[in-house]
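This briefing sets out the fold, the packing and the confidence of one protein model. Please read it beside the sequence and the structure shown here.

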Amino acid sequence: MGSRSADKIKFRSFDDLFGEQEPKGVEKETAEDQVVRMPLAELHPFKRHPFRVMEDEEMMEMVESVRQFGVLVPVIVRPDKGGGYEIIAGHSRKRASELAGCSDIPVIVRDLTDDESVIAMVDSNIQRLNILPSEKARAYRMKMEAMEHQGVKGGQHTAAVLGEASGESARTVHRYIRLTYLVPELLELVDQKRIPVVAGESLSFLREGEQELVRDYVAQRQVFPSKGEAELLWVESSRGVEC
């Protein structure tokens with residue numbers, strides 16, 4: 001294609017275009033790394049991958065870029081015992097390649113443990129723009145569990161280390177992790193910004209049946225709890241007061 005088509009692509013930044021950052025020690029190639037081309041059919045998503053691959057305007061820009069220039073940053077994968085290769089970093093690049101009509105993609109194969117893979121996968125996505133609270137919540141929880149498996153001290157210390165890597169406080173990390181304890185409908189309302197993250201945290205301490213009552217009330221009345229109201233529900237629940 002000519003330069004006119006290329007001029008139509010509005011490049012904002014590497015991170016905006018490819019949706020995934022270069023995790024420390026994972027995306028950067030080493031002397032031992034070899035880039036090989038691998039059929040797309042051999043690659044499958046990381047298990048429990050918490051980040052959505054959206055076919056939105058940014059994805060369409062990436063597709064056009066792949067058509068023009070190919071995939072500039074290799075996908076990081078690891079061998080899967082069940083066959084094929086599991087994507088560690090590069091889910092969006094793979095989907096863009098599929099939409100662009102490619103049959104293969106450049107990859108770097110690394111032999112990573114489950115915990116190393118989780119940490120690398122989260123680090124490659126956590127600072128993306130437009131990340132949903134539910135995505136961040138699941139990612140933080142997955143990485144915290146992986147770090148604790150590796151022997152990092154639990155609780156507040158792990159949250160502090162995790163937050164430092166992503167530029168957020170330990171308190172913020174804990175707040176997001178609490179969102180993973182919400183029933184799906186309430187978590188969706190947090191993603192839609194109808195329930196604030198801080199209110200979602202308070203609601204997460206309610207028992208499942210109590211959360212379902214809140215869910216039904218919200219659905220019927222279209223009234224969404226604020227931070228203070230959510231905290232009141234939590235306090236009343238802990239005292240045995242019927243919601």
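Two strands are said to pair if DSSP finds at least two bridges between them. Helices (H or I, at least four residues) and strands (E, at least two) are DSSP runs, numbered from the N terminus. This is a predicted model, in which local features need pLDDT of at least 70, side-chain atom pairs count only at pLDDT 80 or more, and totals for chains, interfaces and linings use all residues. Residues are numbered from 1 along each chain as its sequence is written, and side-chain values use heavy atoms, with hydrogens and water left out.

**Overall features**

- The secondary structure of the protein chain comprises 12 helices and 5 strands.
- Of the 243 residues in the chain, 44% are buried; buried means under 20% relative accessible area, exposed over 50%, and partly exposed in between (1.4 Å probe, protein chains only).

**Confidence**

- The average pLDDT of the protein chain is 82, and 78% of the residues score at least 70; pLDDT is the predictor's confidence in each residue, from 0 to 100.
- Residues 1–19 have a pLDDT below 50, and this stretch has 36 contacts in the model beyond near neighbours in sequence.
- Residues 21–28 likewise stay under 50 in pLDDT, with 22 contacts beyond four places in sequence.
- Where pLDDT is low, the predicted coordinates should not be read in detail.

**The sheet**

- The 5 strands form an open sheet in the order S1-S5-S3-S4-S2, and the pairing is mixed.
- Strand S1 (35–39) and strand S2 (43–44) are at the edges and have a single partner strand each, so one side of each is left without a neighbour in the sheet.
- Helix H4 (residues 91–99) packs on the sheet and touches S2, S3, S4 and S5; the direction of H4 makes about 115° with that of S4. Axes are lines fitted to C-alpha atoms, for helices over the stretch in contact, and angles run from 0 to 180 degrees between N-to-C directions.
- S1 and S5 run antiparallel and are joined by 5 bridges; Arg37 stands opposite Pro106 in S5.
- S3 pairs with strand S5 (residues 104–109) in the parallel sense over 3 bridges. Val107 in S5 is the bridge partner of Val75, and Ile76 stands opposite Ile108 in S5.
- S3 and S4 pair in the antiparallel sense over 4 bridges, and Ile87 in S4 is the bridge partner of Val77.
- The hairpin of S3 and S4 has 5 residues between the strands, and Gly83 takes a positive phi near 110° in this hairpin.
- S2 and S4 run parallel, joined by 2 bridges, and Glu86 in S4 is the bridge partner of His44.
- In S4, 4 of the 5 residues are buried, so this strand is largely enclosed by the rest of the structure.

**Helix packing**

- Helix H5 (residues 114–123) has 7 of its 10 residues buried, so it is largely enclosed by the rest of the structure.
- The buried residues of H5 are Asp115, Ser117, Val118, Ile119, Ala120, Met121 and Val122; they pack against strand S3 (75–79), strand S4 (85–89) and H6.
- Helix H6 (residues 133–149) packs with helix H9 (residues 184–191) at an angle of about 115°, and their axes are 8 Å apart.
- Pro133, Ser134 and Arg138 of H6 make this contact with Leu187, Val190 and Asp191 of H9. The contact residues comprise 3 nonpolar, 1 polar and 2 charged; Ala, Val, Leu, Ile, Met, Phe, Trp, Tyr, Cys and Pro count as nonpolar, Asp, Glu, Lys and Arg as charged, and the others, Gly among them, as polar.

**Loop residues**

- Leu206 lies in the loop between helix H10 (197–203) and helix H11 (208–221), and is buried, with a relative accessible area of 4%.
- From C-alpha to C-alpha, Leu206 and Leu182 are 8.6 Å apart in space, while being 24 residues apart in sequence.
- Gln192 is placed in the loop between H9 and H10 and is partly exposed, with a relative accessible area of 39%.
- Gln192 and Leu132 are 60 residues apart in sequence and 8.8 Å apart in space, C-alpha to C-alpha.

Note on methods: Contact = heavy atoms within 4.5 Å.
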